[in-house]
Amino acid sequence: MRQSNVIVDLSSNLSASPAWKRLETHYLSAKYLQMKELFNHDPNRFSKHSIHFEDLLFDYSKNRFTEETLNHLFALARQCNIHQWQERMFSGEKINTTEGRAVLHTALRNRSNTAIYVDGKNVMPMIQSVLDKMKIFSKKVRSGEWKGYTGKEITDVVNIGIGGSDLGPKMICRALSQYQHPRLKIHFLSNVDSAHAERILNQLDPETTLFIVASKTFTTQETRRNAQTAKEWLLNCGAKKQDIAKHFVAVSTNTVEVTKFGIDPNNMFEFWDWVGGRYSLWSAIGLTIVLAIGMPQFIELLEGAHAMDQHFKNMPLEKNIPVIMGLLGIWYNNFFGAESSAVLPYDYYLRELPAYLEQADMESNGKSVDRDGERIDYSTGSIVWGAEGNNGQHAFYQLIHQGTKLIPTDFIIASSTHTGCNQDHRNILVSNFLAQTEALMIGRSRSETREQLASAGVQIKGIEQKIPHMVFDGNQPSNSILLKELNPRTLGSLIAMYEHKIFVQGIVWNLNSYDQWGVELGKHLTEKVLEELQSQKDIYHHDSSTRGLLHQFRNYYTQTAREREAEK
Ligand code: F6P
């Protein structure tokens, strides 16, 4: 079954390919598979279908497949030359063809330090030299040697960035906040709504605040505006122009724009166009992370990711966690017609993970033309969403359990907590995690429901009315990802695992997962609309809705200004 909302006149090679066709045929019988029965028939299903990787366990046994399904999926991956594509990415080939760039976030965490070449140049020495610079700078700030303009130690760090220049560092800082330097408070300013800047700046002392302006391009409107506001705030609070160097550093690939903005290039931490924004937390974009948790912990994060890179590169498909995750996602997305997938971390510290993965996955694989620019006739990028457990259970799990949609889920948990002390809380959290994945799979039949109602003393008539509402079909798939502990190394592995899952899906769907042209049109139109919003000239173009809304905004602005004037 193909899923597509777009009208297509071109048939892509993928949906006509032998492996795809075999999966289509197999789906006709596999759609009736009941996981409960699969477990009953095979007592070893868990051990066969779970993989240990260092201190991480990936259990994919609660999914709708047989050995035959897996074989068809692996054949699909082979047909798509997954190994050759891995090799091309890891070796620095320019697989981001629309931007003419290599895709080398893996080089940033290449702890084996083997040479990797882009345009004939080994990139490893420059990566190391930026890491060294980050180490020296972070040591100064963390030790208190780096002083603000009145000679005081830094107490607050504000990361100004958006998208990949915000979500990655924010997610990691929150996840590893137990490692955070006791003196430093870390803030993330991303939204161009001035409320965000005001809220953060109001809490800060200009004498002890350091701003990290994080932007790959340094042309991003929101980041530039927020950085400008922060600079004005600092100067209005009494700092001089020459003090800016003590309070502003930049992380970027664009030295020209950084300098134009007024940040000393000596205070700039460089990275390169072969690092995608949503894959950049491993680069100098991780500077905020280093300030928060220290260089040794950041290196551990890189080590964990590198270990997962090695696993992804070297393990056979049948034992390869990102490959299996990616292929199961395709199985549901393209054959069962699942439109979304949920990420459900049962860990307060991982509460930013769903938002991070939204960008990582949807900006990478939300595409409707293939690498050659041909419109495709199969569904691509899953809609990724989620929230931390248990909160989600009391909000949207109803729909996952009893709604009409199939929603594959990833449940993530760490077995021990760093806050450590309250085992009772932990046990409740863990039992909810386990109970939910089991409930999603086994459901509750009519007879089980009837029995339970009867034993609860409900009258016969009442029982029959209630049963349809209380039956759970079950058979809802989930992956369980269990970490021994949430620490920099396991977190690095976890994030790299998702990055490679996204890669696998992009390869099978024949997409360029590393460009993001879909965000350009809105950016372009914004500039035009901004001009019109600020002028009083008549507007003749646009559709009638946009024009009407624009006029109404201007009217509201004028009315509010008059009212405020009258109140004075
Ligand atoms: O608009 C999307 C995007 O380009 C993302 O890919 C990126 O992470 C974000 O904007 C921020 O870009 P920059 O780091 O260049 O400011």
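Reply: **Around the ligand**

Of the 14 residues around the ligand, those that come nearest are Ser165, Ser215, Thr217, Thr220 and Glu363; a residue counts as near if one of its heavy atoms lies within 4 Å of the molecule. Do keep in mind that this is a predicted model, in which local features need pLDDT of at least 70, side-chain atom pairs count only at pLDDT 80 or more, and totals for chains, interfaces and linings use all residues. Residues are numbered from 1 along each chain as its sequence is written, and side-chain values use heavy atoms, with hydrogens and water left out.

The shell around the ligand holds 2 nonpolar, 9 polar and 3 charged residues, where Ala, Val, Leu, Ile, Met, Phe, Trp, Tyr, Cys and Pro count as nonpolar, Asp, Glu, Lys and Arg as charged, and the others, Gly among them, as polar.

Now for the atoms themselves. Oxygen atoms of the ligand lie 2.5 Å from a polar side-chain atom of Thr220 and 2.6 Å from a polar side-chain atom of Ser165. Gly164 takes part through its backbone, with an N or O atom 2.7 Å from an oxygen atom of the ligand. The ligand taken alone exposes 390 Å², and the protein buries 88% of that (accessible areas by the Shrake-Rupley method with a 1.4 Å probe).

Key: Polar contact = N/O pair within 3.5 Å; in protein donor to acceptor, adjacent residues only side chain to side chain.
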